[in-house]
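Me: I am new to this structure. Please take a close look at one part of it, and walk me through what is there.

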Amino acid sequence: MKNNKEPGMTLIVKTITRLTVGLILLYGIYIVLHGHISPGGGFAGGVIIALSFVHLMLAFGREVALRKLSQAAASILESLGAIMFLSIAVLGFLGGYFFLNFFLNKGRPFSLFSAGIIPLCNIAISLKVGAGLFAIFVAIVLFSRDSGIPPDDK
Amino acid sequence: MSVYFLCLILFCIGLYCVLRKRNIIKIIIGLGIIEYAVNLFFVLIGYRAGGRAPILAKDQVVLNMVDPIPQALVLTAIVIGLATTALMVAIAIRIYEKFGTFDITKIRKLRG
Amino acid sequence: MNHNLLPLYVIIPLGAAFLISLFGKISKRICDCLANLATFLLLGLSLLAAVYKPSTGILVYKVGGWIPPIGICLALDGLTSFMLVTVNLVSFLVTIYSISYMEKYTDKWKFYTLFMLMLAGMNGIIITGDLFNLFVFLEIASIASYALVAFGTEREELEASFKYAVMGSVASSFILLGIALLYSYTSTLNMADISRALDIKGISPIISFIAVLFLAGFGLKAALVPFHAWLPDAHPSAPAPISAMLSGIFIKTLGVYVLCRIFFNILGVSQNILFIFIILGIISQIVGAILAIAQNDIKRMFAYSSISQIGYIIFALGIGTPLAILGGLFHLFNHAIFKALLFLDSGAIEYSTGSRNLKSLGGLNSRLPVTASTSLIGSMSIAGIPPLNGFWSKLIIIIAAIQAGYFGFALIAVLVSIVTLAYYLKFMGFTFFGKLDTALLKIKEVPLSMKLSMLILAIICVLGGLLLIPQFRPFLESAANVLLSGKGYAGIVFGAVK
Amino acid sequence: MELHLLLLFMIFAAVAAVEIKDLLSSVIAVGAVGLGLSMVFLVLKAPDLAITQLVVEILCLIILIRATIKKDLPLIRDGRWFFNTASTLVFIAVFLFFAYFALKELPSFGYPIMRVAKEYIAQGLQKTGATNLVASIILDFRGYDTLGEATVLFTAVMGVLAIMRRVGRIK
């Protein structure tokens with residue numbers, strides 16, 4: 001952090017970040033939604049979504065990133081994702097078993113809307129993983145920023 | 001067989017790092033290497049010579065696929081490793097804030 | 001008892017944890033209510049499981065409706081219901097205690113969330129029938145406990161937590177490596193199925209290697225003596241309710257229960273393994289007891305005492321006769337009760353005086369009557385004074401050792417018991433008797449919720465011996481029978497699936 | 001062949017990560033191990049794992065770099081340094097020796113038994129509707145594991161938030 005007036009890195013980094021961050025987020029969402037027909041899934045996609053916010057934070061400083069997704073909001077989103085996943089699991093009791101894939105019609109294979117609960121679970125997991133990892137990152141970075149530990153040495 | 005053995009050597013490098021290094025970050029790195037080695041071992045035992053990735057393609061008969069179970073398990077193990085690392089880094093940062101050092105021999109002395 | 005209730009042992013604490021993390025920020029009362037409600041429900045469910053036994057002795061639940069080797073199954077047999085009652089009884093009383101005790105710490109909702117996650121992990125370990133699933137829940141419980149040990153975020157706590165986390169992670173890696181080898185060798189993860197596959201393959205060096213890996217991994221979690229270095233730092237550093245949970249049930253669930261399940265029911269016990277158990281048990285008893293005498297910190301003394309008592313349990317299981325296993329499991333239950341009681345007492349002492357150093361305390365008998373009397377019951381019980389529960393279980397273990405012909409080891413067990421009495425007398429003498437320090441004249445007895453849970457635990461200590469009378473004995477016997485049935489476990493599980 | 005090369009590369013990077021004195025270089029070397037692992041997963045026909053390992057590695061690296069300080073480590077050699085190192089090496093040698101005999105018993109590399117896995121491959125698409133078999137295992141056949149896995153991450157997040165509290169006790 002060379003100049004305190006303008007947080008974040010240099011202009012070049014900021015411009016490139018502005019171009020790429022949306023694409024990274026979009027790629028993460030793509031990976032999540034296609035988890036059941038191609039490699040990827042909720043975890044990988046969730047981490048990519050978290051990384052896009054981390055990218056924003058590294059390039060522009062914490063204010064910009066936290067305006068997009070505050071720590072409290074991340075924490076709430078994470079809990080919501082967890083509850084969503086647990087409720088999908090508990091809804092399996094409708095068919096008689098915990099964690100039952102309760103959709104009778106599994107849809108046409110190789111299409112986006114297929115495989116019953118698997119895409120839904122992927123979405124819940126990605127929500128939880130993305131928000132959770134971002135919360136971890138924010139907690140660690142904010143702490144070392146405020147308490148005199150040199151966060152990085154440029 | 002030689003592949004398994006190389007994988008266990010990686011495991012032992014991590015073990016050596018955890019047992020012998022006195023720096024907190026180095027210990028976390030050693031644990032990371034151990035996790036990599038175990039995950040790698042799990043995937044190695046599921047590999048099938050000349051096999052295909054366990055993803056079905058249209059109009060294709062399933063003949064020879066690698067074992068999908070270890071892959072599913074390792075996916076879980078990777079995330080567990082990430083969780084452990086994150087928690088330990090958090091503890092390490094707090095320790096640095098309280099003691100001003102990453103060296104565990106010094107930390108022990110400071111504790112008195 | 002309907003088999004649809006089985007997943008609830010995990011769903012309730014998980015749901016409670018997620019709800020507390022969402023709504024707990026609003027008010028402390030909400031987290032208190034949610035946590036206590038959840039543990040109360042769990043206690044009720046586990047008592048239900050203990051009272052209404054299925055006729056076949058086992059209930060198997062197929063998660064997702066998949067037949068066991070394909071999907072994950074949950075299994076509830078005698079040992080499971082025994083462990084569930086122990087865990088949920090202690091955790092219910094500990095949550096009552098935490099209502100007042102945790103007022104001293106900030107961010108109570110984080111405490112309760114982690115607490116419920118740890119409980120979910122332990123219940124998940126106990127009830128699962130799948131080896132990898134066991135590992136996952138073991139990690140949930142472990143990670144929650146690493147964070148809880150550092151909950152006070154002071155110097156010592158952080159250092160202890162880091163040490164504990166490093167050793168715990170190494171242990172987890174050993175366990176995972178063992179599971180990988182076992183999977184490669186048998187090509188299945190279901191515990192009953194592994195047992196059956198190993199029967200077909202016969203004995204080979206790889207089984208001994210896997211056994212050593214598991215012994216090192218779970219021995220580390222159980223703090224058996226060559227692997228005990230983390231416990232005396234980690235257990236005293238945690239907040240008192242967590243110390244009670246860790247020492248009372250955590251090391252037993254993650255260590256002793258899993259060791260028993262794996263060695264007795266899956267890998268199969270041989271004389272060599274039983275002898276290793278005996279040796280580890282005896283060394284743990286002696287080392288724990290000797291180190292405990294020298295301590296001046298109350299909680300540290302109790303932590304070393306836990307190592308010693310875990311040694312008793314492992315020793316009893318290593319003898320391997322029906323009587324010894326019964327005694328070992330009974331001692332497991334008793335130790336959970338009185339060690340939880342003693343740690344809660346130490347928390348009460350710290351709560352009112354602000355110190356837990358034996359040298360600076362004294363004469364608290366007049367100021368803290370409830371704490372003093374419950375501590376007296378707990379100490380005498382752990383030292384094996386009749387008619388308290390600790391006496392009966394130690395008596396059974398020693399009789400069983402003599403019957404099996406281990407005279408020397410029985411003598412050591414008796415001697416260790418005397419040493420135990422000595423250091424608990426030291427604790428009582430320095431804390432509650434003697435001259436009251438002038439600085440401590442103004443202290444008051446602890447709040448109601450803390451008193452309540454200590455009193456209930458003390459009553460269970462006094463009445464614990466009743467578990468041996470014929471009406472209640474099936475509770476222990478059915479648990480011991482599971483271990484005695486050995487590799488018959490596979491047949492029982494697959495018989496119940498159909 | 002490429003598998004052996006990649007493994008040797010990982011071992012080399014791991015030794016570097018352990019022995020380099022500078023912490024930042026050490027962290028970067030461990031990143032090289034992780035990337036090597038990601039490539040090994042690709043060679044072993046595990047694309048799901050390769051993606052996940054890659055992104056997790058990046059996140060781990062960022063978190064670790066945040067934690068490091070740029071300061072050389074003093075290499076402490078107390079009186080028992082040689083003895084401790086020697087005993088550790090002996091322990092590792094014994095471990096590898098026994099591991100060698102155990103590994104000989106395993107099915108040879110490239111030929112797993114796949115008793116249960118056959119059922120997944122045969123029935124996966126038909127029963128769950130997912131063409132990615134790994135997804136069908138982690139979210140349907142063994143979905144309960146994944147619930148646990150998600151909870152592990154949740155636990156870690158809660159743990160980090162709890163440890164990062166500025167004030168632990170109310171005085």
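Reply:

**Where chain D meets chain B**

In this predicted model, 72 residues of chain D are in contact with 65 residues of chain B. Seen from chain D, the elements that each give two or more residues to this side include α1 (2-19), α2 (23-43) and α3 (47-67). Further along chain D come α4 (81-105), α5 (115-128), α6 (133-141) and α7 (143-163). The residues on the side of chain D that touches chain B are 52 nonpolar, 15 polar and five charged.

Now place those helices within chain D. The chain is divided into domain 1 (1-75), domain 2 (76-106) and domain 3 (114-171). Between the C-alpha centres of domain 1 of chain D and domain 3 of chain D lie 24 Å.

Next, the partner. Chain B has four helices and zero strands. Its pattern along the sequence is α-α-α-α. The radius of gyration of chain B is 20 Å, well over the 13 Å that the globule rule gives for 112 residues, so chain B is more spread out than a compact globule. Its C-alpha trace spans about 70 × 30 × 10 Å along the principal axes.

How many of the residues of chain B count as buried? The share is 70% of the 112 residues. Contacts within chain B can also be sorted by sequence separation. Among those between residues at least 6 apart in sequence, 49% join residues at least 24 apart.

How values were computed
Residues numbered from 1 in each chain as written. Chains lettered and ligands numbered in written order. Predicted model: local features only at pLDDT ≥ 70, side-chain atom pairs only at ≥ 80, totals over all residues. Domains from an automatic or database assignment. Contact = placed C-beta atoms within 7 Å. Nonpolar A, V, L, I, M, F, W, Y, C, P; charged D, E, K, R; others polar. Rg over C-alpha atoms; globule rule 2.2 N^0.38 Å. Buried ≥ 20, exposed ≤ 12 C-beta atoms within 10 Å, placed from the backbone.
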